[in-house]
Amino acid sequence: MRWSEMYVPTLRQDPAGADAVSHRLLLRAGYIRQLMAGHYSLLPLAVRVRAKIIDIIRDEMSAIGAQEFLLPTMQPADVWQKSGRWDKIGSEMFRLTDRKDADLALGMTHEEIFTTVAQELRSYRDLPQRWYQFQTKFRDEPRPKSGLIRVREFTMKDSYSFDTDSDGLDRSFAAHRDAYHRVFARLGIPAIAVEASSGIMGGSDSTEFMCPTDAGEDIVVHCACGYAANVEKATSHLPAAADGAGLAAPEPFDTPDARTIEDLVRDYGVTADRQVKTLVYVVDHQLTLVLMRGDHALVEQKLIDTIGAVEVRPAHPEEIRAALGALPGSLGGVGVTDLPILADEALRGRRDMTTGANRDGVHLRGVDLDRDIAVGRWADLREVVAGEPCPRCRQPLDVLRTVEIGHIFKLGRRYTEALGVTVLAADGERITPIMGSYGIGVERALAAIVETHHDERGIVWPAAVAPFVVAIAQLGNDEQVAAAAEGLYAELRARRVDVVLDDRAERPGVKFSDIELVGIPYRITVSARGLAEGTVEVTTRATGETTRTPLASAVTHLSELFAA
RNA sequence: CGGGGUGUAGCGCAGCUUGGUAGCGCACUCGCUUUGGGAGCGAGGGGCCGUCGGUUCGAAUCCGGCCACCCCGACCA
């Protein structure tokens, strides 16, 4: 490719409102343009990178025996109704109707559709099957942000496995997990595999692949011993509390100005870890008390996962007052019998605690959880914070900001049952195949590479995904320079190297900064000055290292760099 | 959905307080010079000032509605 013929609209200044590094650089370097919030046009350079990412993923999918499909992105409502997700998913799914007024959806994932195809599986001998595709997904995100990191329309590599039994699913799951590690290693993404919540996908087990970056939105708890989990799932080992004997019964005391945990700490000397924080949630229309230790934060996803709830929201003050007779600040679970009460494990067995009395401006001390509060269910609901002891090795935990680039699920038989997929087993019985599903966000992976591969001058692509591996900077309009540059260009193309010849009538500084901004791994600089002594320069983008080499051996020198 | 902010040329911005019909830098076009780190000089082209309405002799500017986009939070496979 000749740069003079490419469309690469680089920007000299940082675009306004592009906060994330990858967003800023992809805009500046002419890879993407925004159409509307959450929808981006990929320009030629981005298309080249995307194609290389897809090739790497495809290669690793083939290596585990997966077969490529391409399923429709517009889908009928009825399969979603059969799986129950038409109602369960809510406004994140784009829905539309056709001229016959039939309900349709834009695919946000393809479990239902792949399972529909699987209805033709007949025999256990057909299994296992591992199927995948690269397909556009649509998700009506409430808040798209950070360029390609959170969008409403994107390409996903999604795969689905069908096995006869859970051992088979374990093998398919492990095959994908290993393939994903290889994919991310080849893409240059420092992915961490973490335990995750399965969310709306359902299923028994899931692992997320997370890339650490400031632009990330997921918090991951991580330990040197190898323990890693999304905060939505993470636990830590808290030291046991040593409570005193407490009181024979809870004792009210007036706290007229205390509305928060901190108020009680400051004005009444009750440390936060001796308080019971009473949160009121509406869980699938049921008002529910959620008790946490005063210094602990609730993870709503844990609440959702524990109950299997569809919708969870904090209750409004009016709802709370109507049910408990007090406002937030003086709430507690003592004596409450008409509402479900969930309590965090960290409160189990605690005595001599302080909590609200359900009378505004009054608290109770000497509360014994087992004796005084009708806890219906104990669960891990607490958010782990940095420095708490690792649940495995007891060393202090790290907390990282990350972006999710892949997620693999053991789904079970939910979809195959709902859509009536069965095969005949060896003994003549009908069995329902068990499924897994596995996803990688392609453009998000692209953004994650930029997040982790850049410097102050621009992007620094790993060679495996770079839009071009070599750029030839032809300086000046000297005929000999042009001839030498053209010669190198032809030679590299003959060797199937992705090379771009910067033959623009631009000054050297413009060429250098564009080539660096765009992030091409190697640059050959051809100039009259160099040719006078028979040499060209080869510069490595990542290190800035430049070596002079005779024109005739430039290609050989590059090959050595590729091999290194 | 709650809070905050911004919409003026392709990009980045000023002008708005104090109304009088739009400006700067970059980019773009042409000419000359220049050519190893985003060139210089000269001459040009380009904007329904997001949109609809109101006030006014007159609105980019004042008032109201709407729309879009960005940030924080909620939410989110």
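Q: Which domains does the domain assignment of chain A give?
A: In this predicted model, the assignment divides chain A into three entries: domain 1 (3-234 + 399-450), domain 2 (251-379) and domain 3 (468-563). The centres of domain 2 and domain 3, taken over C-alpha atoms, are separated by 68 Å.

Q: Which residues come nearest to RNA strand B?
A: The surface around RNA strand B consists of 39 residues, and the nearest of these are Arg12, Arg139, Arg143, Glu300 and Ser527. Sorted by class, this surface holds 18 charged, 11 polar and 10 nonpolar residues.

Q: Which parts of RNA strand B lie within 4 Å of the protein, sugar or phosphate on the one hand, or bases on the other?
A: Both are represented: sugar or phosphate supplies 48% of the RNA strand B atoms within 4 Å of the protein, and bases supply the rest. Individual side chains illustrate each kind. Gln34 places a polar side-chain atom 2.9 Å from a phosphate oxygen of RNA strand B.

Q: Which elements give two or more residues to the surface near RNA strand B?
A: They are β1 (32-36), β21 (398-412), α14 (508-518) and β29 (522-526). Of the elements, α14 contributes the most, with 7 residues.

Q: At what angle do the axes of helix α2 and helix α12 cross?
A: A crossing angle between 65 and 115 degrees counts as roughly perpendicular. The axes of α2 (residues 44-63) and α12 (residues 442-452) come within 10 Å of each other and cross at roughly 110 degrees, so α2 is roughly perpendicular to α12. On the α2 side, the contact involves Ala46, Val49, Arg50, Ile53, Ile54 and Ile57; on the α12 side, it involves Val442, Glu443, Leu446 and Ile449. By class, 8 of the residues in this contact are nonpolar and 2 are charged, with no polar residues.

Q: How do helix α1 and α12 pack, and which angle describes them?
A: The axes of α1 (residues 21-28) and α12 are 8 Å apart, and the packing angle is about 100 degrees. These two helices are therefore roughly perpendicular to each other as well. Val21, Ser22, Leu25 and Leu26 of α1 meet Leu446, Ala447, Val450 and Glu451 of α12. The contact of α1 with α12 has 6 nonpolar residues, 1 polar and 1 charged. Leu446 of α12 also takes part in the contact with α2.

Q: Which peptide bond is cis, and where does its proline lie?
A: As a general idea, most peptide bonds are trans, and most residues other than glycine have a negative phi. In this structure, the bond from Leu127 to Pro128 is cis, with omega near -5 degrees. Pro128 is found in the loop between α5 (111-118) and β7 (129-138).

Q: What is the phi of Asp352, and where is this residue placed?
A: Asp352 is not a glycine, yet its phi is positive, at about 55 degrees. Asp352 sits in the loop between β17 (341-344) and β18 (353-359).

Notes:
Residues are numbered from 1 along each chain as its sequence is written. Chains are lettered from A and ligands numbered from 1 in the order in which they are written. This is a predicted model: local features need pLDDT of at least 70, side-chain atom pairs count only at pLDDT 80 or more; totals for chains, interfaces and linings use all residues. Side-chain values use heavy atoms; hydrogens and water are left out. A residue is near a molecule or strand if one of its heavy atoms lies within 4 Å of it. A polar contact is a pair of N or O atoms within 3.5 Å; within protein, one must be able to donate a hydrogen and the other to accept it, and residues adjacent in sequence count only if both atoms are side-chain atoms. Helices (H or I, at least four residues) and strands (E, at least two) are DSSP runs, numbered from the N terminus. Ala, Val, Leu, Ile, Met, Phe, Trp, Tyr, Cys and Pro count as nonpolar, Asp, Glu, Lys and Arg as charged, and the others, Gly among them, as polar. Axes are lines fitted to C-alpha atoms, for helices over the stretch in contact, and angles run from 0 to 180 degrees between N-to-C directions. Angles under 35 degrees count as roughly parallel, over 145 as roughly antiparallel, 65 to 115 as roughly perpendicular and the rest as oblique. Contact means heavy atoms within 4.5 Å. Domain bounds come from an automatic or database domain assignment.
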